[in-house]
Amino acid sequence: MINNLRKKIFWTVVIVPLVIVFLVLTIYNYSYVSYVLYDETKTINYCVKSLKNNSDEFDEYMSIPLEELSGSAKFRYEANPKLANLVYSIVSSEIFVVKLSPEGEILAHTGLADDDSSIPEIVAAASGQTVTSGKLRRMIYRSITVDECRYMVFLNTADWHFEIKVILFSSFGALVVTFLLLALMARYLSRKITRPIQEAMEKQNRFMADASHELKTPVSVINANISVLEREYGESKWMKYIKDEGNRMTKLVNELLSLCRMDFEARDTSCAPVASTFDASEVIMETSLPFDSVAFEKGIALSTECGQPHICKGSGEDFKKILSVLIDNAIGHTEKGGQITITATPSSGTFFFARDTKLRVDVRNTGSVISPEDLPRIFDRFYKSRASRGNHYNFGLGLSIAKALADKNGFRISAGSDSCSTTFVLVMDM
């Protein structure tokens, strides 16, 4: 219970803030990437428009070496600022322009060194496109025609895309760091919050264990003395009442001791169950056999359907105890003429490329129905449904013991109820 509560607190403290941080980073990254892509388009469109309106004057700049281009742009900045901005973009190595003849020959270029061997390859690749704009390698380009000559404007986006990658990796790193910090904080808070509950439960378990041990001896003495009195004076209804209540008290003490022992084993890591296997079909037959006479006396039909041997992982003794609780519970809630069916059905699937085989054991009884209000709480300690509150031999501990044993062995136990029957399901690894 404490471990489940800690897990809920842990994931609540971690997941909710982490989702908020993730959404914030996602919105920020989306807005930043959108801005970069928009700025790319805006820059190249501005350069194309400036070139189209000032092609004659720009031809003069294409004959100037790249290292001298910056001074020329500054010299004419006041006369034509838009053209100067285009030249600045070229000087900054973001933009380069190639002028082609009507036949496709390179007449001039600027923005790249004269001996750059990639110019003809880039121009040939771009010229082969049927559209006037597109993407090529790490560049985007636009193509315009002025006075029968074709101008191709290229924008190198490598640096901008590098910034996008840096932002994305930084966001991922921030997300990982946030997760680690939240995990440490959640671990601390979960332990701090559950510490008073854990201390209260430990006191309660100690009290239950001490009280059970103290009660075990007097109850045994009472039962022994009742047996002696029956032999001396014969049976009577008064002695029968005392004997029945003594047996009822013995059952309660044994169940309390079982719960205390399992709680101790759950807290002590040295008491972890040893990995073992057992034949579920054999255990089902052995466990159900003693209940045949009890079911027969009550007029209940008890049947088992196991089939071939099913080797499962876990403790066979614990599985036998769980099955005994479920069968005893089914007999106690089935009326005369009803039926109890125990079935074992294997199933297999694939989990992360690994074969996953499980065995499902169903204990179904007719007649009794668990209400939707009681169904989520039937495995709670000392909880008794409305239909069971008149049964003085039902202490609300049997199913909680079965649940504790199932958790100990990694089994999954659940219950379902419809209009005419109730089914308890136990799923185990094979």
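1. Let's start with the handedness of the α9/α10 crossing: in this predicted model, the two helices cross in a left-handed way. The residues that make the contact are D318, K321, I322, V325, L326 and N329 on the α9 side, and G398, L399, A402, L405, A406, K408 and N409 on the α10 side.

2. The geometry behind that packing: helix α9 covers residues 316-332 and helix α10 covers residues 398-409. Their axes come within 9 Å and cross at roughly 150°. Angles over 145 degrees count as roughly antiparallel, so that is the label for α9 and α10 relative to each other.

3. Next, the sheet. Five strands make up an open sheet in the order β2-β1-β5-β4-β3, with antiparallel pairing. The edge positions go to β2 (106-110) and β3 (133-136). Each of these has a single partner strand, so one side of each has no neighbour in the sheet. Going from one strand to the next, the twist averages 20°.

4. For a closer look inside that sheet, take β1 and β5. Strand β1 spans residues 95-100, strand β5 spans residues 149-156, and the two pair in the antiparallel sense over six bridges. If you want a specific pair to click on, K99 has Y151 in β5 as its bridge partner. As background, strands in a sheet pair through backbone hydrogen bonds, in either a parallel or an antiparallel way.

5. Is S421 buried or exposed? With a relative accessible area of 2%, S421 falls under the 20% cut-off and therefore counts as buried. You'll find S421 in strand β12, which runs over residues 421-429.

6. What does S421 touch, leaving aside residues up to four places away in sequence? The list is R364, N365, T366, G367, S368 and G416. With R364 there is also a polar contact, 3.4 Å between the side chains.

7. Last stop, R377. How far apart are R377 and S400 in sequence and in space? They are separated by 23 residues along the chain and by 9.8 Å from C-alpha to C-alpha.

How values were computed:
Residues numbered from 1 in each chain as written. Predicted model: local features only at pLDDT ≥ 70, side-chain atom pairs only at ≥ 80, totals over all residues. Heavy atoms only, no water. Helix = DSSP H or I, 4+ residues; strand = E, 2+ residues; numbered from the N terminus. Buried < 20%, exposed > 50% of the residue type's maximum accessible area, 1.4 Å probe, protein only. Polar contact = N/O pair within 3.5 Å; in protein donor to acceptor, adjacent residues only side chain to side chain. Contact = heavy atoms within 4.5 Å. Pairing = 2+ DSSP bridges. Axes fitted to C-alpha atoms, helices over the stretch in contact; angles between N-to-C directions. Parallel < 35°, antiparallel > 145°, perpendicular 65-115°, else oblique. Left-handed = near helix turned anticlockwise from the far one by under 90°.
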